[in-house]
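Hi,

Here is the structure I promised to pass on. Have a look at it first, then read my notes below.

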Amino acid sequence: MNELTTVALKCLIMILTTAITTVLVPYFRSKISEEKWLKLQDYAIYAVRYAEQIYTPEEWAQKKKYVYGYVLTRAEDMGLPLTEQDIDILVEGVVNMIKKG
């Protein structure tokens with residue numbers, strides 16, 4: 001890829017993650033009790049941080065699969081009817097939050 005394509009792709013990713021964290025995460029949050037949401041968000045944070053430790057950047061597919069599987073399992077254990085897309089939004093929001101500090 002050339003430099004212009006890389007910059008454009010990075011900008012697109014930044015726009016999407018901002019949209020996810022500012023629009024979609026609050027929407028899903030309103031659908032779930034505050035306590036369950038915070039617990040699920042904690043699970044997602046821990047899973048992302050754990051995956052960062054055990055996988056290399058080149059193993060991003062395995063890292064993503066691990067985090068999604070873990071969060072989906074925790075959501076099912078809590079009786080939360082979330083789809084893979086819901087989990088994707090939650091995880092991307094958490095990753096964005098962690099990157100921003």
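The side chain of Arg74 makes a polar contact with the side chain of Asp77, at 2.7 Å. Keep in mind that this is a predicted model. You'll find Arg74 in helix α3, which covers residues 60-77. Leaving aside residues up to four places away in sequence, Arg74 touches Leu40 and Tyr43.

Tyr43 belongs to helix α2 and Tyr70 to helix α3, so the pair ties together parts 27 residues apart in sequence. Tyr43 is partly exposed at 22% relative accessibility, and Tyr70 is partly exposed at 27%.

Tyr55 and Tyr66 make a tilted pair, with 6.4 Å from centre to centre and 50 degrees between the planes. Here Tyr55 sits in the loop between α2 and α3, while Tyr66 is in helix α3, so parts eleven residues apart in sequence are tied together.

Now for the largest pocket: what lines it? There are 17 lining residues, and Glu52, Lys63, Glu92, Val95 and Lys99 lie nearest the centre. The space inside is about 530 Å³. Helix α4 gives the largest share of the lining, six residues. By class, the lining has ten nonpolar, two polar and five charged residues.

Cheers

Key. Residues are numbered from 1 along each chain as its sequence is written. This is a predicted model: local features need pLDDT of at least 70, side-chain atom pairs count only at pLDDT 80 or more; totals for chains, interfaces and linings use all residues. Side-chain values use heavy atoms; hydrogens and water are left out. Helices (H or I, at least four residues) and strands (E, at least two) are DSSP runs, numbered from the N terminus. A polar contact is a pair of N or O atoms within 3.5 Å; within protein, one must be able to donate a hydrogen and the other to accept it, and residues adjacent in sequence count only if both atoms are side-chain atoms. Contact means heavy atoms within 4.5 Å. On a 1 Å grid over the protein atoms alone, a cavity is a set of points where a 1.4 Å probe fits but cannot get out, and a pocket is an open set with protein on both sides within 12 Å along at least five of seven lines; lining residues have an atom within 4 Å of a point. Grid points are joined across faces, edges and corners, and a volume is the space filled by probe spheres set on the points. Ala, Val, Leu, Ile, Met, Phe, Trp, Tyr, Cys and Pro count as nonpolar, Asp, Glu, Lys and Arg as charged, and the others, Gly among them, as polar. Buried means under 20% relative accessible area, exposed over 50%, partly exposed in between (1.4 Å probe, protein chains only). Rings of Phe, Tyr and Trp (its six-membered ring) pair if their centres lie within 6.5 Å; planes under 30 degrees apart count as stacked, over 60 as edge-to-face and the rest as tilted.
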